[in-house]
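Here are notes for a colleague who is opening this structure for the first time. Please keep the model in view while reading the points.

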Amino acid sequence: MTQQHTPEIPTHRPAESATAPPAAPSSAQAPDRRAGRPPSWTIVCAAGITVLLWASAFVGIRSAGHDFSPGAMALGRMVAAALTLSVFAAVAAASARYRTAERATAESAAEPASFRALPRGRLLGLIALWGVVWFGGYNVALNAAERLVDAGTAALLVATAPILVAVTAVAVLGERLTSRLGIGVAVAFAGVALIAVTGFTGRVDGVGVALAVLSAVLYAFAVLLQKRLLARVEAVTMTWLGALAGTAALLPFLPALLSELAAAPAASLAAVLYLGVFPTAVGFLTWGYVLSYWTAGRTIAATYLVPPVTVALSWTLLGEVPAVLALLGGAFCLAGVVLATRR
């Protein structure tokens with residue numbers, strides 16, 4: 001970075017291959033996509049889909065958690081996600097090859113068309129690490145947390161991850177600690193403390209709160225790693241390979257998954273499949289699409305809607321009525337995150 005500032009969720013760098021959407025520019029610059037830019041309403045719709053899918057994931061986990069253990073649910077979710085992403089990656093790669101060959105034929109190229117190779121060596125290892133942390137560790141920790149706390153509590157606590165990214169950047173990367181960041185951290189964690197003391201639905205579970213905070217820590221680590229890797233690999237390729245790595249890391253839970261599948265009702269099985277196909281596979285793809293045309297700061301601002309949407313869905317679908325003090329704590333959390341991550 002040429003300037004020291006509060007870090008953001010990673011932006012996608014431009015890529016030559018047609019297998020992934022073009023990268024988002026830094027939040028300090030407005031994207032220049034006058035030529036070929038899709039209608040604004042399609043980008044807004046994609047952002048809305050991302051928010052709704054990610055919010056629904058907290059409710060889906062809470063619903064399926066009665067019949068699936070944390071590891072088994074994570075594995076089932078990632079098998080569905082990996083299969084979906086593999087189909088998408090195969091179609092995208094075939095489309096890229098066709099377009100490249102068509103362009104080469106039209107231009108009467110003397111050399112055969114070249115295609116971007118998959119990452120190898122250290123880069124592949126880092127992508128695998130990212131996938132294990134994000135799709136493996138984060139999912140298991142969050143699934144375990146939601147066996148003990150409601151969906152709204154989990155969503156609000158995980159929403160503090162951007163602050164953890166900012167604090168880590170100050171402590172590890174040497175970025176400047178601003179007064180805005182310091183105040184935002186204090187406000188957000190005051191909200192966390194209020195939620196931990198009161199419980200979002202009036203019931204307190206310290207272990208559940210700790211597991212939700214661990215989910216936020218793993219999320220923050222994955223974001224920091226992803227921020228560096230996206231400069232060297234396409235977003236779709238990275239997501240696909242990371243999903244495969246996360247699925248492989250969860251294979252020790254296969255016996256539990258098979259056992260629980262035999263006893264689980266159809267509704268819980270449908271919830272696990274939904275988590276894999278929609279919040280994970282589709283949600284990450286729509287997120288990448290939005291980042292392709294919006295600045296990262298604007299995109300992250302949209303994700304601040306995830307916790308309140310989660311609370312509304314949890315209240316409506318699961319009957320988890322939030323306590324007044326916990327709602328106040330949630331407001332503190334969101335206000336602190338917005339203040340700390342605002343540019």
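1. **Arg-147 and Phe-68.** A polar atom of the Arg-147 side chain lies 3.1 Å from the backbone oxygen of Phe-68. That is a polar contact (a pair of N or O atoms within 3.5 Å; within protein, one must be able to donate a hydrogen and the other to accept it, and residues adjacent in sequence count only if both atoms are side-chain atoms). Along the sequence, Arg-147 and Phe-68 are 79 residues apart. In space their C-alpha atoms are 10.0 Å apart.

2. **How to read the values.** This is a predicted model, in which local features need pLDDT of at least 70 and side-chain atom pairs count only at pLDDT 80 or more, while totals for chains, interfaces and linings use all residues. Residues are numbered from 1 along each chain as its sequence is written, and side-chain values use heavy atoms, with hydrogens and water left out.

3. **The surroundings of Arg-147.** Arg-147 sits in the loop between H3 and H4. Helices (H or I, at least four residues) and strands (E, at least two) are DSSP runs, numbered from the N terminus. Leaving aside neighbours within four places in sequence, Arg-147 is in contact with Arg-62, Gly-65, Phe-68, Ser-69 and Pro-70. Contact means heavy atoms within 4.5 Å. The cut-offs are under 20% relative accessible area for buried, over 50% for exposed, and partly exposed in between (1.4 Å probe, protein chains only).

4. **Asp-150, in that loop too.** Asp-150 is placed in the loop between helix H3 (121-145) and helix H4 (151-158). Asp-150 is buried, because its relative accessible area is 4%. Its side chain reaches the backbone nitrogen of Gly-152 at 3.1 Å. A polar atom of that side chain also lies 3.0 Å from the backbone nitrogen of Thr-153.

5. **The chain as a whole.** What does the protein chain contain, helices or strands? It has 13 helices and 0 strands. Buried residues account for 51% of its 343 residues. Take the contacts between residues at least 6 apart in sequence: 88% of them join residues at least 24 apart.

6. **H4 against H12.** Two packed helices are described by the angle between their axes and the distance between the axes. The axes of H4 and helix H12 (residues 306-318) come within 8 Å and cross at roughly 175 degrees. Axes here are lines fitted to C-alpha atoms, for helices over the stretch in contact, and angles run from 0 to 180 degrees between N-to-C directions. H4 and H12 are therefore roughly antiparallel. Angles under 35 degrees count as roughly parallel, over 145 as roughly antiparallel, 65 to 115 as roughly perpendicular, and the rest as oblique. From H4, the contact uses Ala-151, Gly-152, Ala-155 and Leu-156; from H12, Pro-307, Thr-310, Val-311 and Ser-314. By class, the residues are 5 nonpolar, 3 polar and no charged. Ala, Val, Leu, Ile, Met, Phe, Trp, Tyr, Cys and Pro count as nonpolar, Asp, Glu, Lys and Arg as charged, and the others, Gly among them, as polar.

7. **Leu-318.** Leu-318 lies in helix H12. Its relative accessibility is 31%, so Leu-318 counts as partly exposed. Not counting residues up to four places away in sequence, Leu-318 touches Val-59, Arg-62 and Leu-313. Leu-318 and Ala-151 are 167 residues apart in sequence, yet 9.1 Å apart in space, C-alpha to C-alpha.

8. **H7 and its partners.** H3 and H7 pack at about 160 degrees, with axes 8 Å apart. They are therefore roughly antiparallel. The H3 contact with H7 has 21 nonpolar, 4 polar and no charged residues. The axes of helix H5 (residues 161-172) and helix H7 (residues 206-229) come within 8 Å and cross at roughly 55 degrees. H5 and H7 are therefore oblique to each other. Ala-161, Leu-164, Val-165 and Thr-168 of H5 meet a set of H7 residues, among them Ala-216, Tyr-219 and Leu-224.

9. **Val-197.** Val-197 is in helix H6 (residues 179-198). Val-197 is exposed, because its relative accessible area is 63%.
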